[in-house]
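Visitor: I have a model open here and would like to talk it through with you. Could you take my questions as they come?

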Amino acid sequence: MDERDGGPGRGLDVDRGVEQGADTERDALRPRRIVVGVSGSLGSLAALHRAVGEGRRTGAEVLAVLAWLPQGGEIGYRRAPCPPLLAVWEESATARLAEALEAAFGVGGPVGVRLSSCVVRGETVRALTLFADRPDDLVVVGAGSGSRLRRGLRASVPAECLRRVVCPVLVVPRPPLQREWEGRSWRHLWQLPVEAVPVTGAGGVVRER
């Protein structure tokens with residue numbers, strides 16, 4: 001896990017439960033932490049901005065976490081392990097995290113808050129709970145897709161976080177641009193006419209409901 005100006009951290013496997021080279025005694029005395037899930041989506045960028053805002057307001061450190069899995073999942077990888085390919089997937093996850101941070105805050109990163117980041121091999125909720133392990137921590141996640149079909153096909157990350165973490169969870173609503181994009185995508189899928197409606201509120205401002 002590295003500071004923002006050092007690039008995304010790497011080399012962490014959620015199944016091991018510890019970070020390579022971690023100082024457990026120091027971690028036990030660490031300050032309050034805000035853990036935010038990152039995927040590169042518009043919703044996760046909104047969550048990043050909200051987490052940094054909370055960090056500035058409370059003085060807590062912010063940790064951006066991008067979880068990744070091998071193509072085909074862990075079971076598929078165990079059947080046909082390929083370390084060089086695994087390294088490629090980890091490199092891709094690291095690049096996605098760096099791109100998301102730059103898209104959210106620019107090359108220099110946010111000002112007035114301590115932000116670090118890491119990529120974790122494992123499923124998203126387990127990765128978040130690995131770092132948000134104290135009652136005074138905070139988990140910040142995007143609301144995810146508004147599609148009922150996608151919600152039915154896989155468990156909701158916010159719902160799973162609420163069920164499994166030991167600290168409060170802040171769910172950031174989808175940005176207006178994401179809602180508009182998803183609506184247009186489904187209209188295209190069902191071959192419905194798409195109206196030329198101006199998109200507003202694309203500047204990263206989160207409106208909670």
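Guide: Gladly, and please keep in mind throughout that this is a predicted model.

Visitor: Salt bridges to begin with: how many does the structure hold?

Guide: The structure holds nine salt bridges. One of them joins the side chains of R33 and E61, with an N to O distance of 3.2 Å. Since R33 belongs to strand β3 and E61 to strand β4, the pair ties together parts that are 28 residues apart in sequence.

Visitor: And R33 and E61, buried or exposed?

Guide: R33 is buried, and E61 is buried as well. The two residues are also bridge partners in the pairing of the strands, E61 being the partner of R33 in β4.

Visitor: In which sense do β3 and β4 pair?

Guide: The pairing of β3 and β4 is parallel and extends over five bridges. Between them the chain passes through α2, and this β-α-β crossover is right-handed.

Visitor: What does β4 have on its other pairing, with β5?

Guide: β4 and β5 run parallel too, joined by seven bridges, and within that pairing L63 stands opposite S116 of β5.

Visitor: How many residues of β4 are buried?

Guide: Eight of the eight are buried, so β4 is largely enclosed by the rest of the structure. E61, L63, V65 and A67 point one way from the strand, while V62, A64, L66 and W68 point the other way.

Visitor: Now the packing. Which residues have the most contacts inside the largest nonpolar core?

Guide: Those are V36, L48 and V140, in a core of 30 residues. The elements that give two or more residues to this core include β3, α2, β4 and α4, and α4 supplies the largest share, eight residues.

Visitor: What is V140 in contact with?

Guide: Leaving aside neighbours within four places in sequence, V140 is in contact with I34, V35, V36, G37, A47, A51, L170 and V172. Apart from this core lies another, of 18 residues, among them V65, A67, F131 and C167.

Visitor: Back to charges: which residue does R57 bridge to?

Guide: R57 forms a salt bridge with E54, their closest N and O atoms being 2.7 Å apart. Both sit in helix α2, three residues apart, so about one helical turn separates them. R57 is exposed, at 62% relative accessibility, whereas E54 is buried, with a relative accessible area of 9%.

Visitor: And which residues are linked with E123 in a network of salt bridges?

Guide: The network links E123 with E160, R163 and R164. The closest N and O atoms of E123 and R164 are 3.0 Å apart, and this pair links distant parts of the chain, with E123 in the loop between β5 and α5 and R164 in helix α7, 41 residues apart. Both are partly exposed, E123 with a relative accessible area of 27% and R164 at 34% relative accessibility.

Definitions and conventions:
Residues numbered from 1 in each chain as written. Predicted model: local features only at pLDDT ≥ 70, side-chain atom pairs only at ≥ 80, totals over all residues. Heavy atoms only, no water. Core = buried A, V, L, I, M, F, W, Y, C linked by side-chain atoms within 4.5 Å. Buried < 20%, exposed > 50% of the residue type's maximum accessible area, 1.4 Å probe, protein only. Helix = DSSP H or I, 4+ residues; strand = E, 2+ residues; numbered from the N terminus. Contact = heavy atoms within 4.5 Å. Salt bridge = Lys/Arg side-chain N within 4 Å of Asp/Glu carboxyl O. Pairing = 2+ DSSP bridges. Right-handed = clockwise from strand over helix to strand, strands pointing away.
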